[in-house]
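Subject: Structure handover

Hello,

Here is the structure I promised to pass on. My notes follow it; please read them alongside the coordinates.

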Amino acid sequence: MNSSSFFDNKNTLGLLFLVPAGVLLLLFLTYPLGLGTWLGFTDAKIGRTGEWIGIENFQFLIGDSVARLSLFNTLFYTVVASVLKFGLGLWLALLLNHHLPFKSFIRAVVLLPFIVPTALSAIAFWWIYDSQFSVVSWTLTKMGLIHRYIDFLGDPWLARLSTIAANVWRGVPFVAISLLAGLQTISPSLYEASSIDGATPWQQFWHVTLPMLTPIIAVVMTFSVLFTFTDFQLIYVLTRGGPLNATHLMATLSFQRGIPGGALGEGAALATLMVPFLLAAILFSYFGLQRRAWQQGGSDK
Amino acid sequence: MSNKRRDLLKAGAGVAAAATLPMIWVKDAHAQWNNAPEKGAKLRVLRWSRFVQGDIDQYMKNVAAFSKKYGIEVRVDNESWEDVRPKAAVAANTGAGPDIILGTNDDANLYPEKLLDVTDLANYLGKKYGGWYDAGAAYLRPNGKNWIGIPLGAAGSMMVYRESQVKAAGFDSFPKDTDGFLKMMKALAAKNTPGGFALGHATGDANTWCHWVVWAFGGKMVDKSGKVVIDSPETIKALEYSKELYGTFAPGTLSWLDPSNNKAFLDGQISVTNNGISIYYAAKTSKDPKINALAADINHAVYPAGPGGSNAAFHLFLNQMIFKYTKYPKAAKEFLRFMMEEEQFGPWMQASIGYVAHPLAAYAKNPIWTSDPKHLPYRDAVKELRPAGYDGKLGYASAGALADFIMVDMVAEAASGSKTPKEAAERAQKRAERYYKV
């Protein structure tokens with residue numbers, strides 16, 4: 001009798017059903033995150049458990065020119081790539097929202113860069129950017145436009161921009177398709193009503209499309225910024241953080257220090273340093289873009 | 001100078017080894033080995049994936065011969081060489097994983113206490129095959145007494161050049177010193193057949209030549225006591241030299257990773273680079289007649305000596321580690337012994353045309369080094385090898401400094417002119433001091 005009433009209790013049962021998901025989350029998300037953060041406060045090395053050393057790793061990193069450069073690179077990479085991805089993605093979404101021939105086929109094709117494994121597309125980009133075999137440089141030389149191969153990955157600033165371009169190429173489809181889904185949820189009656197009121201297409205975009213789309217934009221751009229900020233594979237395949245550490249992101253430097261370099265604690269500390277930036281990005285998109293009043297046509301109070 | 005010191009060291013080591021050998025067991029020149037593998041043993045081996053196909057083919061043949069002879073099943077997993085380090089680290093940390101791992105450079109020095117003591121095996125092999133070269137002991141006998149692994153050898157990195165182009169530039173043979181080398185590089189660039197050396201984060205190629213150039217002029221990362229001394233007049237000289245050298249390079253070397261110079265060389269775009277014997281091997285075995293024809297024109301040379309006479313170079317050192325957690329330590333030892341014996345090691349070296357140079361002196365007689373004179377420069381890769389942590393102890397600091405590309409970044413910064421040699425050296429000094437905690 002007792003046991004049946006125990007299982008009949010809705011609250012108990014509910015908790016019971018939550019246990020598997022909870023265990024999974026604890027085991028595979030909370031524990032690694034906690035362990036990583038803890039490692040950042042130790043001097044753990046590969047093959048040796050560390051001892052608590054407080055914020056020494058962080059002090060070390062703040063004074064380290066390469067770590068500071070990687071922070072700059074990461075911010076630059078994230079900001080430029082995210083802005084471009086948003087602009088191009090929105091534009092692409094608006095185009096795809098029109099009635100085009102072979103609509104679903106085109107939409108599927110647009111997703112391709114996102115589907116291809118990063119390491120694979122990075123190798124394709126390597127071929128585009130290679131200092132000796134670049135297909136771009138080759139074409140331009142054959143056309144007689146340049147006389148020397150472009151040093152895409154050899155010049156620090158060019159390397160930064162080249163890696164950003166590869167990242168944007170990869171990230172645009174995700175933004176575009178998600179925004180397209182958002183566009184299609186906007187009721188046509190809103191457009192009809194606004195055109196009866198004599199709104200121009202630009203006014204429609206500004207006063208109907210954009211406000212209705214902001215919740216989706218907030219979610220999509222949060223994800224996009226997170227992916228970009230933590231990018232690893234693309235850089236690792238293309239440059240390994242070179243030339244002269246110009247493309248080292250915090251994620252790649254953290255790996256380099258932690259695993260091949262053996263300084264687990266320092267690598268973990270560097271990874272932990274990424275968290276505040278990621279949190280800031282999330283908070284910004286949630287509080288900055290989820291403004292109900294504006295979406296409903298009013299103005300912020 | 002350094003050669004003399006080296007010889008002295010070697011003589012010293014020889015005396016020390018002779019003194020510590022268990023004379024009771026060794027009555028004559030023949031080394032003895034008594035070991036009975038555990039019954040029902042099974043082994044798992046993790047190794048770096050082959051750079052040349054012949055290596056893995058013969059390695060697996062040897063493994064099959066071992067399994068057949070001892071009835072011990074051996075599973076061999078391959079990982080890209082740069083991925084072996086994290087896997088080995090996880091194995092060391094968690095106490096579970098492959099019984100034997102074939103690692104690189106100072107891997108063993110990161111977790112010496114997790115590795116099975118193989119002093120008996122090392123002594124046996126050393127005694128039987130004319131002794132271990134110094135570099136093997138530097139990496140794997142860190143305390144001068146106990147071996148924590150068995151050297152496998154080193155993937156030698158040497159000068160690879162196009163004979164016809166070097167000749168066309170006015171040089172009958174590859175220059176023996178840095179001055180001549182610079183002259184040749186200038187002449188090659190003038191002929192529009194430039195050389196090229198990786199300056200990107202190329203773990204293998206960039207590290208090897210950048211260490212050579214700094215050492216050639218007498219610079220070094222640390223002194224014997226582990227004090228960072230990279231910011232020195234000698235280093236500055238090396239950097240000024242690198243800058244001049246860089247002026248002769250093919251474009252784009254700042255972005256070069258490990259495969260870049262191989263591809264450029266095989267495509268005929270560069271006349272000189274530094275590499276393992278794999279470029280020659282690739283040309284020799286290529287099905288493309290154009291690349292195949294290149295093989296006849298490829299030759300190798302050891303690094304040119306600097307003003308001080310040193311041509312010491314860093315090569316990718318390869319080790320074999322048995323982890324303490326193994327259930328079958330005796331079988332694991334037996335496996336390593338078997339693979340290192342002449343009957344197995346000799347054919348293996350031949351199959352990989354000497355990609356891995358031997359760590360035991362007696363193997364210098366292997367016909368692979370003389371069957372093709374082009375192999376010869378790679379013969380002494382281990383004999384002449386200088387660990388990247390020179391002149392200090394190997395361990396976390398040396399591994400960290402190497403993995404962080406401090407030497408490569410310094411040479412690249414100075415060579416490309418993004419920093420003056422002095423600035424680059426100062427920055428390297430600061431970065432290295434963080435690893436060698438002042």
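Chain B is assigned domain 1 (2–30 + 37–154 + 315–375) and domain 2 (158–313 + 387–435); these bounds come from an automatic or database domain assignment. This is a predicted model: local features need pLDDT of at least 70, side-chain atom pairs count only at pLDDT 80 or more, and totals for chains, interfaces and linings use all residues. Residues are numbered from 1 along each chain as its sequence is written, while chains are lettered from A and ligands numbered from 1 in the order in which they are written.

The domains of chain B. Over C-alpha atoms, the centres of domain 1 and domain 2 of chain B are 28 Å apart. In chain B, 20 residues of domain 1 are in contact with 22 residues of domain 2 (contact: C-beta atoms, placed from the backbone, within 7 Å). On the domain 1 side, α4 (107–110), α6 (134–140) and β8 (316–322) of chain B each give two or more residues. Helices (H or I, at least four residues) and strands (E, at least two) are DSSP runs, numbered from the N terminus. α6(B) gives the most, with 3 residues. By class, that side has 11 nonpolar, 6 polar and 3 charged residues. Ala, Val, Leu, Ile, Met, Phe, Trp, Tyr, Cys and Pro count as nonpolar, Asp, Glu, Lys and Arg as charged, and the others, Gly among them, as polar.

Between the chains. The contact takes 31 residues from chain A and 33 residues from chain B. On the chain A side, α4 (65–96) and α12 (250–258) of chain A are the elements giving two or more residues. That side has 12 nonpolar, 12 polar and 7 charged residues.

Chain A itself. Chain A has 14 helices and 0 strands. Of its 301 residues, 36% count as buried (20 or more other C-beta atoms within 10 Å of a residue's own, all placed from the backbone). The C-alpha trace of chain A spans about 90 × 70 × 40 Å along its principal axes.

Look at α10 (residues 201–229) of chain A. α10(A) bends by about 50° at Thr214(A), and Pro215(A) follows within four residues. The bend is the angle between axes fitted to the seven residues ending there and the seven starting there. Thr214(A) is buried, and the buried residues of α10(A) also include Leu213(A) and Ile217(A).

Best wishes

Terms used: Contact = placed C-beta atoms within 7 Å. Buried ≥ 20, exposed ≤ 12 C-beta atoms within 10 Å, placed from the backbone.
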